[in-house]
Amino acid sequence: MQFIDTHTHLYLPEFDADRDEAVNRAVGNGIIKMLLPNIDMDSVNPMLAAVSRYPGICYPMVGLHPTSVKADYVSQLDKLEDLVAKYSFIAVGEIGIDLYWDKTFLKEQIIAFRRQIVFALKNSLPVVIHSRDSFPEVFSVLDEFEGKGLRGVLHAFTGTIKDAEKAIRMGFKLGIGGIVTFKNSGLDKIVKETGPGNLILETDSPYLAPVPFRGKRNESSYICIINKKLAEIYDMKEEEIASITYLNSTGLFKL
Ligand SMILES: [Zn+2]
């Protein structure tokens with residue numbers, strides 16, 4: 001089986017002590033590609049360093065994370081957008097709206113989200129969307145771009161079945177990770193209803209480790225646990241889920 005971890009922050013300090021080992025464990029388990037979402041200007045260099053250390057395995061994204069949208073967001077976006085002239089990115093991410101941690105910059109978060117979608121369309125890139133306590137706000141921005149050919153993923157999806165159906169109707173994939181293994185998350189019932197045809201696998205490591213590692217550091221090798229859980233939910237073979245989600249990922253990110 002082959003897998004793609006479509007969302008890992010492998011470049012963060014949590015992996016400084018054993019990054020090579022974590023990548024080796026992942027590759028040894030069939031996770032042959034890892035996609036790295038950016039956070040802000042400070043994460044660019046560590047992210048690009050990981051990409052040059054693991055060529056053909058790690059691929060970078062460019063974007064300003066909603067929790068990093070502060071008073072200086074315009075200059076951050078200007079600098080981030082300049083990077084496309086120099087480097088090749090597979091997506092604009094992660095971008096979106098987060099009302100869980102802080103609502104102070106909600107207006108700016110919406111403006112930054114919209115600007116980065118325009119940027120993604122201009123560069124023919126998919127978007128990797130972070131949405132926390134903000135589905136109405138996220139969809140209201142996405143609605144403005146209907147029919148414009150925008151594609152992407154709702155990463156770490158935790159919405160309702162209605163949210164899932166709306167996202168799929170708009171041409172989006174759902175990023176499924178450790179949350180689907182959490183007892184009482186309810187996500188198992190939602191993905192059961194949507195079917196595997198629009199799902200992609202992700203860890204969001206070092207965060208959101210699946211059971212039985214919940215609360216510990218997450219890593220890309222745990223993608224196999226997510227895949228196994230989905231196979232149980234759909235009563236399908238692990239190989240089938242791996243193949244469907246792999247093709248969904250290569251299609252979306254043009255890998
Ligand atoms: Zn993330």
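Analyst: Helix 3 and helix 4 are roughly parallel to each other. This is a predicted model, and the values below are computed from it. Helix 3 covers residues 73-82, and helix 4 covers residues 106-122. Their axes come within 11 Å and cross at roughly 15 degrees. Angles under 35 degrees count as roughly parallel, so this pair qualifies. The crossing of helix 3 with helix 4 is right-handed. On the helix 3 side, the contact residues are Tyr73, Val74, Leu77, Asp78 and Glu81. They meet Glu108, Ile111, Ala112, Arg115, Gln116 and Phe119 of helix 4.

Next, helix 5 and helix 6. Helix 5 spans residues 135-143, and helix 6 spans residues 161-169. Their axes lie 12 Å apart, at an angle of about 20 degrees. That angle makes helix 5 roughly parallel to helix 6. The crossing of helix 5 and helix 6 is left-handed. Phe135, Phe139 and Asp143 form the helix 5 side of the contact. Asp163, Lys166 and Ala167 form the helix 6 side.

Helix 8 and helix 9 come next. Helix 9 runs over residues 238-253. The two axes come within 8 Å and cross at roughly 110 degrees. Angles of 65 to 115 degrees count as roughly perpendicular, so helix 8 is roughly perpendicular to helix 9. The crossing of helix 8 and helix 9 is right-handed. Helix 8 contributes Asn227, Lys228, Leu230, Ala231 and Tyr234 to the contact. Helix 9 contributes Glu238, Ile241, Ala242 and Thr245. In the segment after helix 9 lies lysine 254. Its phi is near 50 degrees, a positive value in a residue other than glycine. Lysine 254 is exposed, with a relative accessible area of 61%.

Now the metal site. The protein donors of the zinc ion are His7 (NE2), His9 (NE2), Glu94 (OE) and Asp204 (OD). They lie 2.0 to 2.5 Å from the zinc ion. Along the chain, these donors follow the spacing H-x1-H-x84-E-x109-D. The angles among the 4 donor atoms run from 88 to 177 degrees. A tetrahedral site needs all angles between 85 and 135 degrees, and the zinc site is irregular. For reference, the ideal angle for four tetrahedral donors is 109.5 degrees. Histidine 7 sits in the loop between strand 1 (3-5) and helix 1 (19-28). Aspartate 204 sits in the loop between strand 8 (199-201) and helix 8 (223-234). The pair therefore ties together parts that are 197 residues apart in sequence. Both histidine 7 and aspartate 204 are buried.

The loop between strand 8 and helix 8 deserves a pass of its own. Besides aspartate 204, it holds proline 206, leucine 208, proline 212 and serine 221. The peptide bond from serine 205 to proline 206 is cis, with omega near 15 degrees. The bond joining valine 211 and proline 212 is also cis, with omega about 10 degrees. For leucine 208, phi is near 55 degrees, a positive value in a residue other than glycine. Leucine 208 counts as partly exposed, at 31% relative accessibility. Serine 221 is buried, with a relative accessible area of 9%. Leaving out residues up to four places away in sequence, serine 221 touches Arg25, Ala26, Asn29 and Ile31.

Tyrosine 54 lies in the loop between helix 2 (41-53) and strand 3 (58-60). Tyrosine 54 is buried, with a relative accessible area of 8%. Its contacts are Leu10, Arg19, Asp20 and Val23, not counting residues up to four places away in sequence. Proline 196 is 142 residues from tyrosine 54 along the chain, and their C-alpha atoms are separated by 29 Å.

Key
Residues numbered from 1 in each chain as written. Predicted model: local features only at pLDDT ≥ 70, side-chain atom pairs only at ≥ 80, totals over all residues. Heavy atoms only, no water. Donors = N, O, S within 2.8 Å, 3.2 Å for Na, K, Ca; no water. Tetrahedral: all angles 85-135°; square planar, octahedral: opposite > 155°, others 65-115°. Helix = DSSP H or I, 4+ residues; strand = E, 2+ residues; numbered from the N terminus. Buried < 20%, exposed > 50% of the residue type's maximum accessible area, 1.4 Å probe, protein only. Axes fitted to C-alpha atoms, helices over the stretch in contact; angles between N-to-C directions. Parallel < 35°, antiparallel > 145°, perpendicular 65-115°, else oblique. Left-handed = near helix turned anticlockwise from the far one by under 90°. Contact = heavy atoms within 4.5 Å.
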